[in-house]
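The following note comments on one protein structure, point by point. Please keep the sequence and the structure at hand while reading.

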Amino acid sequence: QEVKWLDMLSNWDKWMVKRHKKVRLRCQKGIPPSLRGRAWLYLSGGKVKREQNRGKFEELDSQAGDPKELDVIEKDLHRQFPFHEMFVSRGGHGQQDLFRVLKAYTLYRPEEGYCQAQAPIAAVLLMHMPAEDAFWGLVQICEKYLPGYYSAGLEAIQLDGEILYALTRRVSPLVYRHLEKHKMEPILYMTEWFMCAFSRTLPWASVLRVWDMFLCDGVKIIFRVGLVLLKCMLGTREKLKACQGQYETMELLRAIEPRYMQEGFLVREVLEVPVSERDVEREHHVQLKRWRKNRGELHCKSPPRMHGARAIMASEPPSRQDLRQNPTIIVESPLPPPQPTPQLKKGEKSKEEKSKKKGSMKKAPTVMEIPNPYPLAGDPQRDPQLPLRDPMPTLRNSTVQQPLVNDTPLPNTPEDSPPPHQPTLNDQSLLTVSPLQKSTQSLSSIEADQDTYL
């Protein structure tokens, strides 16, 4: 998977234009953890945004910022994933980077300012990428994926709540009738789901899988996850019997059963929900028309929503230079640069060829064979004229008997040598003892050229 994703990231524009279905399928299967941060940056368009605005984050980071906004940000830092090693310590590098990213966004969009729901979004991004990349990822999510969600009045999130309510009527009529009966406004249960992209609701493994699909296909994944949770928790008459009012229904939706949030189950159910980008846009126009009729025009003019990575790339076509992968760590090689090979004249041989030819003419070194002091019957006969050293002087105190095969002595040596005395089990004769029997010399002190046979 890593090799496939590296190939896609190296040719991102071609894959997005010609083989987008394959990219979507691999996002649904899950992005490899080692490449998730880089893939998220490419999917969201943050990579192109960063290349087109080089130095912008450093400029914003060096500015002071609004004291009121900074005070609210500092109060929220310790609330974001307090048990994660990046954010567990006050004033640690995780909280410092989170403060820098959120402060830079308030300076980048002063008319929008800071919203508390942006903090968990930025924290999830910081767990996978540096501060500058996390900043541009946050910009893309706030402007392209969830535009208007974090503006004053929360009009965009209320509008999407009505869209979710209408989609529930089509996907799960039983749940819709129950919510309508008890006058459950969508804003009561879906605000944290949508504004934090389920980062504060689902288990961590499920959050990552949902974000992989969300950054590829857009907000329709958020709607699908919401519909799955509603259907699982309120989709049967037995479960609805326990929810006799608005309070009981809210408590049930706040405590979703873990089996419904499990990674494999959730992803499989999300992919089976029949909600497309066209369905979301069609319902958006219907609800927007109804909003204008009942409440007037929207006070916050947010940019149009982009449904996924392909729509973002089509709206802002990148150049090859913007998509080029730049390594974050560059290590200089300690090896010297290769020397250019000299030009040889016709018929002249290089030094390597000459050395190979000389080396091939050298004779192989002779190997001295050391005879076995305890030959077996099948071993070649040793010349009796050669002296035999004692290889194991410290083991002479032990009694060694001639091995027998089925109580029968081994066969005699060839005829030209007299047969040695063959001891039997009842024979008490021992082998000849060396003069070094009482030596206290250890095996480690034996000379290196002397072989030891055990």
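1. What covers the buried residues of H9? The cover includes helix H4 (36–44), helix H8 (93–108), helix H10 (131–145), helix H13 (187–195) and helix H14 (204–217). Here "buried" means under 20% relative accessible area, while exposed means over 50% and partly exposed lies in between (1.4 Å probe, protein chains only). Helices (H or I, at least four residues) and strands (E, at least two) are DSSP runs, numbered from the N terminus.

2. On the basis of the note: this is a predicted model, in which local features need pLDDT of at least 70 and side-chain atom pairs count only at pLDDT 80 or more, whereas totals for chains, interfaces and linings use all residues. Residues are numbered from 1 along each chain as its sequence is written, and side-chain values use heavy atoms, with hydrogens and water left out.

3. Overall composition. The protein has 23 helices and zero strands. Of its 454 residues, 42% are buried. Among contacts (heavy atoms within 4.5 Å) with a separation of 6 or more, 75% join residues 24 or more positions apart.

4. Helix H9. Nine of the nine residues of H9 (residues 118–126) are buried, so this helix is largely enclosed by the rest of the structure. Gln-118 and Pro-120 are among these buried residues, as are Ile-121, Val-124 and Leu-126.

5. Helix H13. The buried residues of H13 are Tyr-189, Met-190, Thr-191, Trp-193, Phe-194 and Met-195. Their cover includes H9, helix H11 (155–171), helix H12 (173–181), helix H15 (220–234) and helix H17 (246–254). Just after H13, Ala-197 adopts a positive phi of about 55 degrees.

6. The nonpolar core. Such a core is a set of buried Ala, Val, Leu, Ile, Met, Phe, Trp, Tyr and Cys residues joined through side-chain atoms within 4.5 Å. The largest one has 111 residues, of which Trp-12, Phe-135 and Tyr-189 touch the most other members. H15 contributes the most to this core, with 11 residues. Leaving aside residues up to four places away in sequence, Trp-12 touches Trp-5, Val-23, Tyr-42, Leu-43, Met-313 and Leu-323.

7. The packing of H1 against H4. Helix H1 (residues 2–10) and H4 pack at an angle of about 35 degrees, and their axes are 11 Å apart. Axes are lines fitted to C-alpha atoms, for helices over the stretch in contact, and angles run from 0 to 180 degrees between N-to-C directions. On the H1 side, Trp-5, Leu-6 and Leu-9 meet Arg-38, Ala-39 and Tyr-42 of H4. By class, this contact of H1 with H4 comprises five nonpolar, no polar and one charged residues. Ala, Val, Leu, Ile, Met, Phe, Trp, Tyr, Cys and Pro count as nonpolar, Asp, Glu, Lys and Arg as charged, and the others, Gly among them, as polar.

8. Cysteines. A disulfide is a pair of cysteine sulfur atoms within 2.5 Å, and the structure holds zero disulfides. Cys-27 is buried, at 1% relative accessibility; Cys-216 is also buried, with a relative accessible area of 1%.

9. Arg-268. This residue lies in helix H19 (residues 263–272) and, at 45% relative accessibility, counts as partly exposed. Arg-268 and Gln-28 are 240 residues apart in sequence and 9.4 Å apart in space, C-alpha to C-alpha.
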